[in-house]
Amino acid sequence: MPRPVIFDLFHTLVPGGDPERDRVVGEMALMVGVEPAALVEAYHATWRDRMTGWDAAETVRILARRLGGTPSEEQVTRAAAHRRELARRLLSGVPPETVAVLDALRADGHPIGLVSNATAETAEAWPSTDLARRFDVAVFSSDVGLAKPDPAIYRLAAERLGVAPTDCVFVGDGADGELAGAAAVGMTVVRTTEHNDSDPAWVGRALTALGELPALLREPISG
């Protein structure tokens, strides 16, 4: 049986869009009456909270009030919708080459999973994307209350695929210590630098383009 492949999402399958995220948060700040740079800083500082629990509206409400704002529910709703639109836009930006890789892997018989440290609006947008129908399993930190590199989130993805972690290949750019986390549960790790060089200290196997992956997986790989 071809080995299951579990992917990271941002900076692996799609560009991360970090500057655009900051721009959108700045626009949200104006919608709720707080200083844009302060809200951007607050978003960065609460990354772990946002990716394991808070939804888009809750995030706006909490952070605006921390910054001295008193937004109405209408303002909160408008700002949260702006954030959700960003998620849809980022996920729609999947490169055609990436889609071709996923289709090639499916044609070769590989089960395909996703493990993403992502906020609720990304998880909400996922089912309507072209990517979603190419995956057998998608595990989002905001849905399960776990985040990479916690071993439990990798084990959960493998369990949902019906395999052991040691059967799986994990592919990611390396943000959030995800490569070491995958290796710790016995997954074979492949690092990609196509969209971002997130873990330059990683000494394991690396690809400069995701398009190299199908051929790599046709060869015996381990560790």
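In strand E2 (residues 112-116), 5 of the 5 residues are buried, so the strand is largely enclosed by the rest of the structure; buried here means under 20% relative accessible area, exposed means over 50%, and partly exposed lies in between (1.4 Å probe, protein chains only). The model is a predicted one, in which local features need pLDDT of at least 70 and side-chain atom pairs count only at pLDDT 80 or more, whereas totals for chains, interfaces and linings use all residues. Residues are numbered from 1 along each chain as its sequence is written, and side-chain values use heavy atoms, with hydrogens and water left out. Helices (H or I, at least four residues) and strands (E, at least two) are DSSP runs, numbered from the N terminus.

In a regular strand the side chains alternate between the two faces of the sheet. From E2, Ile112, Leu114 and Ser116 point one way, while Gly113 and Val115 point the other way, and all are buried. On pairing (two strands pair if DSSP finds at least two bridges between them), strand E1 (residues 5-7) runs parallel to E2 over 3 bridges, and Val5 has Ile112 as its bridge partner in E2. Strand E3 (residues 137-140) is also parallel to E2, to which it is joined by 4 bridges, with Phe140 of E3 standing opposite Ser116. Together, E2, H7 and E3 make a right-handed β-α-β unit, where right-handed means that, with the strands pointing away from the viewer, the path from the first strand over the helix to the second runs clockwise.

## The buried side of helix H4

Helix H4 (residues 56-66) has as its buried residues Ala56, Ala57, Thr59, Val60, Leu63 and Ala64. These cover an arc of only 160° around the axis, which puts them on the same side of H4; the arc is that of the directions from the helix axis to the C-beta atoms. The cover over these buried residues includes helix H1 (18-32), helix H2 (36-45), helix H3 (47-52), helix H5 (73-91) and helix H7 (120-125), contact being counted for heavy atoms within 4.5 Å.

At the start of H4, the backbone nitrogen of Ala57 has a side-chain oxygen of Asp55 within 3.3 Å. After H4 comes Gly68, which has a positive phi, near 90°.

## Salt bridges

Side chains of opposite charge can pair when their charged atoms come close. The structure holds 15 salt bridges, each defined as a side-chain nitrogen of Lys or Arg within 4 Å of a carboxyl oxygen of Asp or Glu. One of them joins Glu124 and Arg84, at 3.2 Å from N to O. Because Glu124 lies in helix H7 and Arg84 in helix H5, this pair ties together parts that are 40 residues apart in sequence. Glu124 is partly exposed, at a relative accessible area of 45%, as is Arg84 at 26%.

Within helix H1, Glu20 and Arg23 lie 3 residues apart, about one turn of the helix, and form a salt bridge whose closest N and O atoms are 3.4 Å apart. Glu20 is partly exposed at 23% relative accessibility, and Arg23 is partly exposed at 40%. In helix H5, Glu85 and Arg89 are 4 residues apart, again about one turn, and their salt bridge has its closest N and O atoms 4.0 Å apart. Both of these residues count as partly exposed, Glu85 at 35% and Arg89 at 32%. A network of salt bridges links Glu20, Arg23, Glu27, Glu85, Arg88 and Arg89.

Methods:
Polar contact = N/O pair within 3.5 Å; in protein donor to acceptor, adjacent residues only side chain to side chain.
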